[in-house]
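Subject: Structure handover and notes

Dear colleague,

I am passing on the structure below, together with some notes on what was found in it. Please keep it open beside you as you read.

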Amino acid sequence: RAECVDNILNMEFFQSVLPRMRDLRCDWNVFFEVKSNLTREHVRLLAGAGVKRIQPGIESLSSSILRTMRKGVRAIQNVNLLRWCRAYNIDASWNLLWGFPGESIQDYRDQLAVISAIPHLQPPASQGRLWLERFSPMFLESHRYGIREVNPEPSYKAVYPNDVDLTRSAYFFNYVVDGALPPESFSSIVESLDAWRARWKSGSRPLLSCMSVPGLVRLVDSRDASRSGVYELEAELASIYMAFFEKPTGLSEAARTLGLPGERVEEAVEVFAEQGLMMREGNAALALAVGDTSYVSAV
């Protein structure tokens, strides 16, 4: 069992360290912090190398807020990582943060819609207001973000002598954000996250599972008791669903790959999204079902 203390897993390890760990076939139980833009192949290799626990930098299910954080990923990519972690049985300990400069009520309404569709994926371990940390973009460019009154977190005074300059030594800071949303703005999302975690701790976790063979996709849905059941997609619909299974994919790209009219693909994606079987973000979409990695294959 090993806890790796790298702040972020070096991507070069996917060509060097992790294949070697996999090939040794040892009984590893390894933890890494990782970026959230990992693909299915990355997650498969992590699992094969004995990485059973990760802390991905997801931190939001709103692409607007992720842009503010300069994460370089979209919400749909974060959801895809959670899908593959569930498929390969990797524990993903992530956080959902709020209190960002320029965020809006709509950002949290959008996240509530995403959360309602993914109770079968691992919920965040915690949630709360953004911490301001040294070296972060919002610390280094605080004036740009409307962050002011930046002061070392008060508890440092109980640890360091009075002659230590805490403005140079501290890592965590208190601050004020101009135009921040009031605390009650986050009550709905807190309730939703608490309910999500409660279901995962109940011993009967929700499912949206997928098994496929060429020309047929079978989805089993137990996310919502009022509409749980089985979907069987055949022929064209099966192909459309699986075109968005591996990763977030553009609708036009999927149409070209399938040789289908763009309107037909968009029509099917809209229906899948309304049923909560897909997530759509702009011109991209993602299948939300989790595949049994022993059975799922391209259709």
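On the face of helix α10 that is turned away from its buried side sit the exposed residues R256 and T257, where exposed means over 50% relative accessible area, buried under 20%, and partly exposed in between, with a 1.4 Å probe and protein chains only. Helices (H or I, at least four residues) and strands (E, at least two) are DSSP runs, numbered from the N terminus.

Two points about the source come before the rest. This is a predicted model, in which local features need pLDDT of at least 70 and side-chain atom pairs count only at pLDDT 80 or more, whereas totals for chains, interfaces and linings use all residues. Residues are numbered from 1 along each chain as its sequence is written, and side-chain values use heavy atoms, with hydrogens and water left out.

To stay with α10 (residues 251-258), its buried residues are L251, A254 and A255. Seen down the helix axis, these buried residues fall within an arc of 100°, taken from the directions from the axis to the C-beta atoms, so they line one face of α10. They pack against α9 (235-243), β13 (249-250), α11 (262-274), β14 (278-281) and β15 (284-287), contact meaning heavy atoms within 4.5 Å. After α10 comes G259, whose phi is positive, near 70°.

If neighbours within four places in sequence are left aside, L46 is in contact with L9, F14, L18, L38, V51, I54 and I90.

In the loop between α2 (40-48) and β3 lies A49, which counts as buried because its relative accessibility is 0%. Apart from neighbours within four places in sequence, A49 is in contact with L18, M21, R22 and W28. A49 and D23 are 26 residues apart in sequence and 7.7 Å apart in space, C-alpha to C-alpha. Just after α2, G50 takes a positive phi of about 90°.

As for pockets, each is an open set of points on a 1 Å grid over the protein atoms alone where a 1.4 Å probe fits, with protein on both sides within 12 Å along at least five of seven lines, and lining residues have an atom within 4 Å of a point. The largest pocket has a volume of about 1,100 Å³, a volume being the space filled by probe spheres set on the points, which are joined across faces, edges and corners. It is lined by 33 residues, of which G57, E59, K71, L97 and E133 are the closest to its centre. β6 gives the most to the lining of the largest pocket, with 4 residues.

The second largest pocket has a volume of about 340 Å³, and of its 21 lining residues the closest to the centre are D110, A113, V114, M279 and R280. The largest share of this lining, 6 residues, comes from α5.

With best wishes
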